[in-house]
Number of protein chains: 2
Amino acid sequence: MIGEFELIAKIASMSKASAAVNRGLAVGIGDDAAVIRSESGDYSVITTDMLVEGVHFDLQYFTFYEIGWRAVAANLSDVAAMGGKPIYIVVAIAIPQKVEAVNIEALYAGMNALCKQFDVVIIGGDTTFSLGGLTVSITALGTVLPEHLKKRSAAMVGDSILLTGTPGDSKAGLQALRSQDGQLIKACASAVRKHLTPLPRVAESAFLVSSFPLNAMIDVSDGVASELNHICKQSKVGAVIYQNKLPVSAQAKIVAAELTQKSDDYFLNGGEDFELLFTAPKTRANDICLQFSQRFELEITEIGTILPAEQGIWLEHDNGQRTECAATGWNHFQ
Amino acid sequence: MIGEFELIAKIASMSKASAAVNRGLAVGIGDDAAVIRSESGDYSVITTDMLVEGVHFDLQYFTFYEIGWRAVAANLSDVAAMGGKPIYIVVAIAIPQKVEAVNIEALYAGMNALCKQFDVVIIGGDTTFSLGGLTVSITALGTVLPEHLKKRSAAMVGDSILLTGTPGDSKAGLQALRSQDGQLIKACASAVRKHLTPLPRVAESAFLVSSFPLNAMIDVSDGVASELNHICKQSKVGAVIYQNKLPVSAQAKIVAAELTQKSDDYFLNGGEDFELLFTAPKTRANDICLQFSQRFELEITEIGTILPAEQGIWLEHDNGQRTECAATGWNHFQ
């Protein structure tokens with residue numbers, strides 16, 4: 001079976017010839033979103049994200065409201081990862097026979113609830129029948145100021161690697177839900193909430209890009225290791241991150257301990273966290289962390305440093321040993 | 001089971017409150033595409049269309065190349081129906097295990113081939129795994145000059161009802177394919193081609209909106225009867241169309257005769273034709289038909305007249321009798 005990243009590379013190369021001749025494109029295939037430059041110089045951001053039943057969500061754990069919420073969150077997160085502001089979405093849904101009108105209303109209520117938080121409007125869509133599971137495909141459209149646009153490819157050697165929140169929580173929440181252990185689910189309510197109704201970092205991104213000279217940025221939808229590899233590959237740099245600095249939440253540790261799994265593994269390879277991973281000049285790292293924590297109920301953690309490409313991409317353990325930080329990620333095709 | 005039109009109405013009403021307050025929206029939910037007005041006064045067109053295996057296509061008849069082509073065609077047709085020019089698309093695909101990388105390359109080759117014809121660029125996407133069938137969800141983005149924008153809601157009493165091409169061909173092609181009658185398929189190659197690789201009327205729309213004072217316009221993706229009902233409902237008018245004027249192709253008649261079906265039924269309720277149905281002042285109808293046929297290898301036919309709402313929506317038969325022209329259409333939810 002072909003992997004998602006391999007496929008994206010193939011698709012990008014097939015579309016390259018036509019994309020290259022198109023001068024209106026500021027960012028094409030291979031980032032969190034595409035960016036279009038209009039004749040008047042405005043930048044539009046466009047991104048699409050599809051949620052498939054049994055792959056991204058399970059009706060056993062998710063209400064329809066939560067599915068709608070999460071589908072919107074994934075798209076708004078991609079716009080935020082470019083430094084942009086989401087404004088509109090269009091929604092295509094394939095609906096299986098088992099799904100009732102009242103379920104679709106709940107799905108839309110979830111979408112509308114999150115849209116409302118960020119002043120985003122649903123402006124169109126397509127509804128069709130599905131012979132398989134429920135599929136929700138959303139495209140978000142937004143704007144970004146040229147000076148705020150953040151690409152994956154802009155990391156500089158010496159940059160600090162910074163991260164909002166505590167990635168791995170979404171995976172921990174999922175594992176708790178799957179365990180069907182009521183007590184564990186209750187004890188890890190916040191991680192469960194991050195899996196079911198994650199909040200995209202739209203306001204946080206707006207603050208960061210307007211206040212600090214960030215270089216590269218990406219959202220953590222495929223696990224931190226995978227996303228760090230994307231930044232390194234596209235920026236042609238290496239990186240080291242430190243195990244003892246990884247912001248793993250107490251709840252992720254509880255779930256991992258209970259299920260004899262590794263919370264670092266949730267963090268590195270969990271996916272669907274919608275936190276922001278970014279790089280910035282090391283001299284500004286402390287200031288970014290401080291000012292951010294004063295403004296949001298959320299921490300930014302400095303987890304490592306960008307290295308020259310030839311030095312590779314590493315996870316440095318507590319004992320000083322380094323292991324390769326591979327992009328095992330969250331691959332739908334495995 | 002809830003119907004698609006009922007669901008769209010419900011969704012539109014749920015999103016209305018937020019959409020109404022948004023002043024950047026020139027056309028919202030309920031037309032072929034949404035239209036956004038930028039601060040500089042430019043209009044952007046956005047539309048999304050999802051193709052689902054077993055609902056919109058069958059791998060028994062469709063190659064992957066053709067699926068890609070048709071998914072793009074459906075979206076470009078929606079932009080054309082607004083009087084717009086498509087420029088970019090983003091593509092989300094859910095891929096079942098049975099599908100190989102080479103199939104996805106063929107799908108993209110089909111998308112790229114049609115995109116190239118209209119100078120459209122694929123700028124992004126999402127690929128994921130499907131536990132059910134193959135699903136392709138495309139969003140197209142384009143522009144429209146404010147003076148060229150055509151809505152469903154602008155038909156005027158007394159307008160001629162005009163139509164490009166010969167709707168019903170796509171359904172005839174599908175029926176021929178389903179019959180597995182090699183001779184019939186060969187005899188109706190053009191109808192079959194319209195089902196598998198339809199051409200959206202992008203150039204035709206551009207010519208029409210820039211040359212004539214059209215009023216309402218829509219594309220025929222759900223059957224002529226259904227689309228005429230959309231125009232009438234949204235324009236608050238009635239209509240009469242004449243059976244002896246319906247441009248039913250010779251191939252549609254051959255297929256219908258062979259399968260003891262009705263070619264008028266293909267025309268009225270077939271769907272997926274991607275022709276343009278529009279209204280214009282009656283004084284201009286002849287001129288439109290003439291100039292169009294001089295420019296394109298395609299005919300425009302005047303099939304009827306817009307009436308006051310209270311007169312209803314009718315099909316007038318050869319014997320002068322009128323029957324209600326109901327929107328039975330192509331309803332995925334039946």
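**Exercise 1. Which residue in β6(B) stands opposite B:Leu51?**

Solution. The model is predicted: local features need pLDDT of at least 70, side-chain atom pairs count only at pLDDT 80 or more, and totals for chains, interfaces and linings use all residues. Residues are numbered from 1 along each chain as its sequence is written, while chains are lettered from A and ligands numbered from 1 in the order in which they are written.

Step 1. Strands (E, at least two residues) and helices (H or I, at least four) are DSSP runs, numbered from the N terminus. Two strands pair if DSSP finds at least two bridges between them.

Step 2. Strand β3 (residues 43-52) of chain B pairs with β6 (residues 135-144) of chain B over 10 bridges, in the antiparallel sense. Opposite B:Leu51 stands B:Val136.

**Exercise 2. Give the strand order of the sheet in chain B and explain its edges.**

Solution. Step 1. The order is β1-β2-β3-β6-β4-β5 (chain B), an open sheet of six strands with mixed pairing.

Step 2. β1 (25-27) and β5 (121-130) of chain B each have a single partner strand, so one side of each is left without a neighbour in the sheet. From one strand to the next, the twist averages 20°.

**Exercise 3. Describe the two hairpins formed by β1(B), β2(B) and β3(B).**

Solution. Step 1. β1(B) and β2 (residues 34-37) of chain B pair antiparallel over two bridges, and B:Leu25 has B:Ile36 as its bridge partner. Six residues lie between these strands, and B:Gly30 in the turn has a positive phi of about 115°.

Step 2. β2(B) and β3(B) run antiparallel, joined by four bridges; B:Arg37 is partnered by B:Tyr43. Here five residues lie between the strands, with B:Gly41 in the turn at a positive phi of about 95°.

**Exercise 4. Check the span of α2(B) against expectation.**

Solution. Step 1. The expected span is 1.5 Å times one less than the number of residues. For the 18 residues of α2(B) this gives 26 Å, and the end C-alpha atoms are 26 Å apart, which agrees.

Step 2. Of its 18 residues, 18 are buried (20 or more other C-beta atoms within 10 Å; exposed means 12 or fewer, partly exposed in between; C-beta atoms are placed from the backbone). Just after α2(B), B:Gly83 takes a positive phi of about 90°.

**Exercise 5. Is A:Gly124 buried or exposed?**

Solution. Step 1. A:Gly124 lies in β5 (residues 121-130) of chain A.

Step 2. A:Gly124 has 31 C-beta neighbours inside 10 Å, so this residue counts as buried.

How values were computed
Axes are lines fitted to C-alpha atoms, for helices over the stretch in contact, and angles run from 0 to 180 degrees between N-to-C directions.
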